[in-house]
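Welcome! Let us take a walk through this structure together, one part at a time.

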Amino acid sequence: INRFMRQLHNDMIIETGKTYYYFDRPQSKVRFICIDTNEVITEDVSGSTWQPSFAITQTQIDWFINLLTNTPNGYKIILCNHIPINNNLRWYSDFCLIFGDIVEAFNNKTTINKTDSFGIIANADFTNTNGKILLSICGHGHADYFYNSSSGCVYYEVNCDSRINNGGSQYTRTDGTISEQS
């Protein structure tokens, strides 16, 4: 993050040692929130390959809820993440869906009091909050999929810039043509 992202976004707000952050564009009232859906919980470096264990921590969920709760009036929010946070996209992971539940509660200006199957707790009252999450953009599946939720958030899983078609995209991608590219 410091090596690449700070050169473009020297106004990033990131806690030391964390891999999730945000930055604002006050002139256009847009908040970009980058959540870490591949948060490394444990690492096994005893073998010849790196074996991480991924999950979402309660610390990140609490940070996310606090950030949404304190979004300035009139701001629109764009989420950036790797694994989809909505199960209407193809390549989601169950441990990331708590983020999508929070997004829907925030946009609907309701409360959420949920403990997911991994023990992560989302407890928030968004009834008097400001802002709206317009987009959650992610990768992971190398396929083009999107879902428009009833709360007004577009969940978009974008393909990569290669002809890898492991996501089973509905769009045909042919080598040597423009469809090969993202």
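Which residue in S8 is the bridge partner of Ile 78? Leu 135 is that partner. Before going on, please note that this is a predicted model, where local features need pLDDT of at least 70, side-chain atom pairs count only at pLDDT 80 or more, and totals for chains, interfaces and linings use all residues. Residues are numbered from 1 along each chain as its sequence is written, and side-chain values use heavy atoms, with hydrogens and water left out.

Strands (E, at least two residues) and helices (H or I, at least four) are DSSP runs, numbered from the N terminus, and two strands pair if DSSP finds at least two bridges between them. Both strands sit in an open sheet of six strands with mixed pairing, in the order S1-S2-S5-S8-S10-S9. S1 and strand S9 (145-148) stand at the edges with a single partner strand each, so one side of each has no neighbour in the sheet.

Now look at S1. Its pairing with strand S2 (residues 30-34) is antiparallel, over five bridges, and Arg 25 has Val 30 as its bridge partner in S2. Four residues lie between the strands of this hairpin, where Lys 29 takes a positive phi near 55°. Five of the five residues of S1 are buried, so this strand is largely enclosed by the rest of the structure; buried means under 20% relative accessible area, with a 1.4 Å probe and protein chains only. Tyr 21, Phe 23 and Arg 25 point one way from S1, while Tyr 22 and Asp 24 point the other way.

Next come the aromatic rings. Rings of Phe, Tyr and Trp (its six-membered ring) pair if their centres lie within 6.5 Å; planes under 30 degrees apart count as stacked, over 60 as edge-to-face and the rest as tilted. By this rule there are six aromatic pairs. One of them is tilted and joins Tyr 20 and Trp 63, at 4.8 Å centre to centre and 50° between the planes. The pair links distant parts of the chain, 43 residues apart: Tyr 20 is in the loop between helix H1 (5-8) and strand S1 (21-25), and Trp 63 is in helix H2 (residues 58-69). Both Tyr 20 and Trp 63 are buried.

Finally, visit Thr 115, which lies in strand S6 (residues 111-115).

Terms used. Buried < 20%, exposed > 50% of the residue type's maximum accessible area, 1.4 Å probe, protein only.
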